[in-house]
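Reader: Here is a model that I would like to go through with you, a few residues at a time.

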Amino acid sequence: MSDDPIRMGIRSTGEVAKVEQFAPMPSKVPGRHRWIGIASHTLTDETARRAHEGATVKFGVQTLIGFSIGCLDCEEPYEDVFTQRCRGPEFDWNGSQ
Ligand SMILES: [Zn+2]
C-alpha cells in the first residue's frame, strides 16, 4: 500500500482511516471536472476509537448527517461550477502527472 494518504485511506479532519478497497479514479481530462461525493457521519466514542485503531467501521443512513458533491481537482462545489471548465491542477490522483 502506498504512503500517499489519498491512496491509504480517507482523510478527514486530520484523521486518516485505512480502507481495504479503492475505486479507480478516472484519468484527469484537462478542463473537465472529476466529481466526488463526500458523506459525513456521526460517530460514537467507541466507533471513533475503533476506526482510529484501524478496525473496519460500517456507516449507514442512520448516522448520515451530510452529503455534498464537488470536484476533486478544483475543490469547488458542484452547484458553483458545473457549467464551467475545471480550473483545477492537471494532476492525476492515480500517481502520475
Ligand atoms: Zn473541477
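Reader: Does Asp80 count as buried or exposed, and how many C-beta neighbours does Asp80 have inside 10 Å?

Author: The model is predicted, with local features needing pLDDT of at least 70, side-chain atom pairs counting only at pLDDT 80 or more, and totals for chains, interfaces and linings using all residues. Residues are numbered from 1 along each chain as its sequence is written. With C-beta atoms placed from the backbone, 20 or more others within 10 Å make a residue buried, 12 or fewer make it exposed, and counts in between make it partly exposed. Asp80 therefore counts as exposed, since its C-beta neighbours inside 10 Å number 11.

Reader: Where is Glu75 found, and what is its phi?

Author: Glu75 lies in the loop between β4 (64-71) and α3, where helices (H or I, at least four residues) and strands (E, at least two) are DSSP runs numbered from the N terminus. Most residues other than glycine have a negative phi. Glu75 is not a glycine, yet its phi is positive, at about 60°.

Reader: How far apart in space are Arg87 and Gly31, C-alpha to C-alpha?

Author: Arg87 belongs to the segment after α3 (78-81), and it counts as exposed because it has 12 C-beta neighbours inside 10 Å. Although 56 residues separate Arg87 from Gly31 in sequence, their C-alpha to C-alpha distance in space is 6.3 Å.

Reader: Which pattern does the protein follow along the sequence?

Author: The protein has three helices and four strands. Read along the sequence, these follow the pattern α-β-β-β-α-β-α.
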